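Reader: I would like to learn how to read the features of a structure like this one. Where do we begin?

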Amino acid sequence: MKAANSRGSAPGSSRARILVVGGGYVGLYTALRLQRKLKPELRQGAVEIVVITPDPYMTYQPFLPEAAAGSISPRHVVVPLRRVLDQCKIVIGEAQSIDHSKRTATVTTLATDEEGTGAIEVTYDELVLAPGSISRTLPVPGLADHGIGFKTVEEAIGLRNHVIEQMDIASSTRDPAIRDAALTFVFVGGGYAGVEALAELEDMARYASRYYHNVTPEDMKWILVEASDRILPEVGEEMGRYTVRELRGRNIDVRMETRLDSCQDRVAVLDDGSRFPTRTLVWTAGVKPHPVLAATDLPRNERGRIKCTAKLAVDGATHAWAAGDAAAVPDITAEAGKECAPNAQHAVRQAKALADNIAASLRGSPLEDYAHQYVGSVASLGLHKGVAHVYGRKLKGYPAWFMHRVYHLSRVPTFNRKARVLAEWTLAGLFKREIVSLGSLEHPRAEFELAAGGRPPKESS
Ligand SMILES: Cc1cc2nc3c(=O)[nH]c(=O)nc-3n(C[C@H](O)[C@H](O)[C@H](O)COP(=O)(O)OP(=O)(O)OC[C@H]3O[C@@H](n4cnc5c(N)ncnc54)[C@H](O)[C@@H]3O)c2cc1C
């Protein structure tokens, strides 16, 4: 195996370096499988696995709506990479660009930022590219200033705190315009991220309102804006229609074939002419491949995903692999030309197949094709409410919600996380729901600054 050098590694080392860019679904599962499969090589020092990722944890994104609702605490939605990947070297940083012809990634870390030394170069022998995706935004005036996404644990918890804070503002203001804007929540995008986030937060706010003397569920306006003529395409047409009925039955204003035109000055203007003054605009209108892919010399398709073969190797390149949201992998179980959808179901399975193929290629064994037929999806619509279409079976209400929990409990990585999440759900069934906003956690110095005569605490948004 070819030698790999980089700053900090011994020159002339004969250790093959596998560089994994991204510590999400694909990054975690690929590295985990590699550290198991390549145990002898790791023990002999013939191989090293380096994972570069901006956060020291993997986020189990399907649990974000439940974290926003307060059913799972934020710590249990994430998986600590250093503990799980104890045979790998974890570097907290971001790949800025990759020159695969030179087998080199340019990386910034927390230390390079502090030292002001600029990016470092990390060489490798095998590259696994898995930076996932980012929110796909449109040039909607005011969106960048007032919108928030729903892809990270910070966003989910920030939104939870924000919604409860808006209820507190509405409860204490005498200005009807402020109250109205505080109690109006607009979500754009009807995929599972948007629908689950809205449904869970509405359910939580509805519950919380019983502890307010002057805020009722009827005072709140929850609006879902979707550009196409259906929501939740992941569960199929019939279950999508059921979801619309269920949400409307809860007084949620679901507007299909409608777009957000602007949200300047905190007024959401829709293309059907309606205007909603609001302090909450959540943008979940799809994802696009991570922009770092454009800073590589690897081939991309028209949507910006890395072109891959069914073996999860980058098309036309050697020693480069990709999977998950960042990769265009042919779906060989479907008609020709179709690629695997960007979802966790594929990401997890691709990661395992990818790790097997890397191990096989290092050992000179034949590689396998990745093949997985989409089995459907489950979605939670609040406590005890859900919708599912899995293996041809359609479920609604409590059974779907229960299935959602069972499925995700079986999927969340590590026994440790499964046990903690189960314990939380069990306790939540015995006690009342948490309804406090800990938004002040986002400004931990505010109290001290005030005491020390510094700036006054930041006004809430
Ligand atoms: C709210 C929500 C709910 C969802 N629910 C479901 C569901 O129920 N079922 C389902 O199948 N799918 C679901 N998904 C989709 C699923 O989570 C994604 O398809 C999956 O996470 C993709 O895995 P990935 O490894 O490609 O990307 P990610 O898991 O996003 O991981 C990408 C990683 O790369 C890191 N990274 C980014 N840039 C760099 C860089 N420059 N250098 C190094 N690292 C970088 C990121 O920080 C991240 O750790 C949901 C998504 C969301 C947002």
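Author: This is a predicted model. Begin with helix H12 (residues 397-411), which lies across E22, E23 and E24 and runs at about 70° to E23. Helix H10 (residues 236-249) lies across E23 and E24, at about 180° to E23.

Reader: How should I read the sheet, and in what order do E22, E23 and E24 come?

Author: In general, strands of a sheet pair through backbone hydrogen bonds, either parallel or antiparallel. Here three strands form an open sheet in the order E22-E23-E24, with antiparallel pairing. Strand E22 (376-380) and strand E24 (393-396) are the edge strands, each pairing on one side only. From one strand to the next, the twist averages 5°.

Reader: How many bridges join E22 to strand E23?

Author: Five bridges join E22 to strand E23 (residues 386-390), and the two run antiparallel. Val 378 stands opposite Ala 388 in E23.

Reader: How do I describe helix packing, and at what angle do H1 and H11 cross?

Author: Two packed helices are described by the angle between their axes and the distance between the axes. The axes of H1 and H11 cross at roughly 35° and come within 8 Å. Their crossing is right-handed. Residues making the contact include Tyr 25, Tyr 29 and Arg 33 of H1, and Ala 347, Gln 350 and Asp 356 of H11. By class, the residues of this contact are twelve nonpolar, two polar and four charged.

Reader: Into which domains is the protein divided?

Author: The division gives domain 1 (16-133 + 288-362) and domain 2 (143-285 + 376-430). Their C-alpha centres lie 30 Å apart. The contact between them takes 23 residues from domain 1 and 25 residues from domain 2. On the side of domain 1 that touches domain 2, strand E3 (57-59), helix H3 (64-69) and strand E4 (78-80) each supply at least two residues. H3 gives the most to that side, with six residues. The residues of that side of domain 1 divide into 16 nonpolar, six polar and one charged.

Reader: Which residues come nearest to the ligand?

Author: Of the 34 residues around the ligand, Gly 22, Gly 24, Gly 132, Gly 324 and Asn 343 come nearest. The shell draws at least three residues from each of domain 1 and domain 2. Elements that each supply at least two residues of the shell include helix H1 (25-37), helix H9 (192-208) and helix H11 (344-362). By class, the shell has 18 nonpolar, twelve polar and four charged residues.

Methods:
Residues are numbered from 1 along each chain as its sequence is written. This is a predicted model: local features need pLDDT of at least 70, side-chain atom pairs count only at pLDDT 80 or more; totals for chains, interfaces and linings use all residues. A residue is near a molecule or strand if its C-beta atom, placed from the backbone, lies within 6 Å of it. Helices (H or I, at least four residues) and strands (E, at least two) are DSSP runs, numbered from the N terminus. Ala, Val, Leu, Ile, Met, Phe, Trp, Tyr, Cys and Pro count as nonpolar, Asp, Glu, Lys and Arg as charged, and the others, Gly among them, as polar. Domain bounds come from an automatic or database domain assignment. Axes are lines fitted to C-alpha atoms, for helices over the stretch in contact, and angles run from 0 to 180 degrees between N-to-C directions. A crossing is left-handed if the near helix is turned anticlockwise from the far one by less than a right angle, and right-handed if clockwise. Two residues are in contact if their C-beta atoms, placed from the backbone, lie within 7 Å. Two strands pair if DSSP finds at least two bridges between them.
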